[in-house]
Amino acid sequence: MTVSSLLTGLQHIGIPTNNLDRTADFYHALGFESVLEAVNEAAHERVAFLKLGNLMIETYENHCAVGRAGAIDHIALDVNDIESAFSMTKAAGLKLLDTEIQSLPFWERGVRFFTVEGPNMEKVEFCQKL
């Protein structure tokens with residue numbers, strides 16, 4: 001089995017913001033719909049998931065968004081077996097930014113995820129909706 005066999009596609013693109021309402025209004029004007037609004041209690045951040053067709057944006061109000069080109073924080077890949085993906089990326093020697101699989105109470109039953117660093121210091125999140 002390979003990591004690619006666990007991937008099912010792009011889950012979302014993560015965009016930090018200093019003003020969640022303004023960001024949501026912008027994407028709503030482009031035709032995106034709000035599909036989930038939540039609070040990440042651990043980070044004290046409001047979060048919104050906005051969807052247009054099969055494209056999902058996760059925007060979160062962290063009050064330290066850089067506000068310049070290149071400000072996208074991460075891309076998240078959808079996986080169907082987070083434990084296997086974690087083991088395989090670790091065995092492949094990828095630079096893990098998380099020492100263990102993380103979880104958040106987003107969506108109906110939560111999500112589990114971890115992040116690796118790409119060759120350009122981009123963050124790639126592996127995420128499984130439960």
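Analyst: Lys129 lies over the face of Trp107, and the distance to the ring centre is 3.9 Å. The model is a predicted one, and side-chain atom pairs count only at pLDDT 80 or more.

A pair of aromatic rings is described by the distance of the centres and the angle of the planes. For Tyr27 and Phe32 the centres are 5.3 Å apart and the planes stand at 80 degrees, so this pair is edge-to-face; the cut-off for that class is an angle over 60 degrees. Both Tyr27 and Phe32 are buried. The two residues also belong to one aromatic cluster, which they form with Phe26.

Another of the pairs consists of Phe114 and Phe126, and its geometry is stacked: the centres are 4.9 Å apart, with 5 degrees between the planes. Phe114 sits in strand 8 (residues 111-117) and Phe126 in strand 9 (residues 123-129), so the pair links distant parts of the chain, 12 residues apart. Phe114 is buried, as is Phe126.

The loop between strand 8 and strand 9 contains Met121. With a relative accessible area of 63%, Met121 is exposed, in contrast to the buried Phe114 and Phe126.

Read from the N terminus, the order of elements is β-α-β-β-β-β-α-β-β-β-β.

Strand 4 (residues 55-61) deserves a separate description. Six of its seven residues are buried, and the strand is mostly covered. Strand 4 pairs with strand 1 (residues 7-17) in the parallel sense, over five bridges, and Ile15 stands opposite Thr59 of strand 4. With strand 3 (residues 45-52), strand 4 pairs in the antiparallel sense, over six bridges; here Lys51 is opposite Met56 of strand 4. Strand 3 and strand 4 form a hairpin with two residues between them, and Gly53 in the turn has a positive phi of about 60 degrees. In a regular strand the side chains alternate between the two faces of the sheet.

Values for the whole chain complete the picture. A compact globule of 130 residues would have a radius of gyration near 14 Å, and the chain agrees with this at 15 Å. Its C-alpha atoms fill a box of roughly 40 × 30 × 25 Å along the principal axes. Of the 130 residues, 40% are buried. Among contacts between residues at least 6 apart in sequence, 53% join residues at least 24 apart. The accessible surface of the chain comes to about 7600 Å², and carbon and sulfur atoms account for 53% of that surface.

Definitions and conventions:
Residues numbered from 1 in each chain as written. Predicted model: local features only at pLDDT ≥ 70, side-chain atom pairs only at ≥ 80, totals over all residues. Heavy atoms only, no water. Phe/Tyr/Trp six-rings, centres within 6.5 Å; stacked < 30°, edge-to-face > 60°. Buried < 20%, exposed > 50% of the residue type's maximum accessible area, 1.4 Å probe, protein only. Helix = DSSP H or I, 4+ residues; strand = E, 2+ residues; numbered from the N terminus. Lys NZ or Arg CZ within 6 Å of the ring centre and 35° of its normal. Rg over C-alpha atoms; globule rule 2.2 N^0.38 Å. Contact = heavy atoms within 4.5 Å. Areas by Shrake-Rupley, 256 points an atom, 1.4 Å probe, with all protein chains shown as cover. Pairing = 2+ DSSP bridges.
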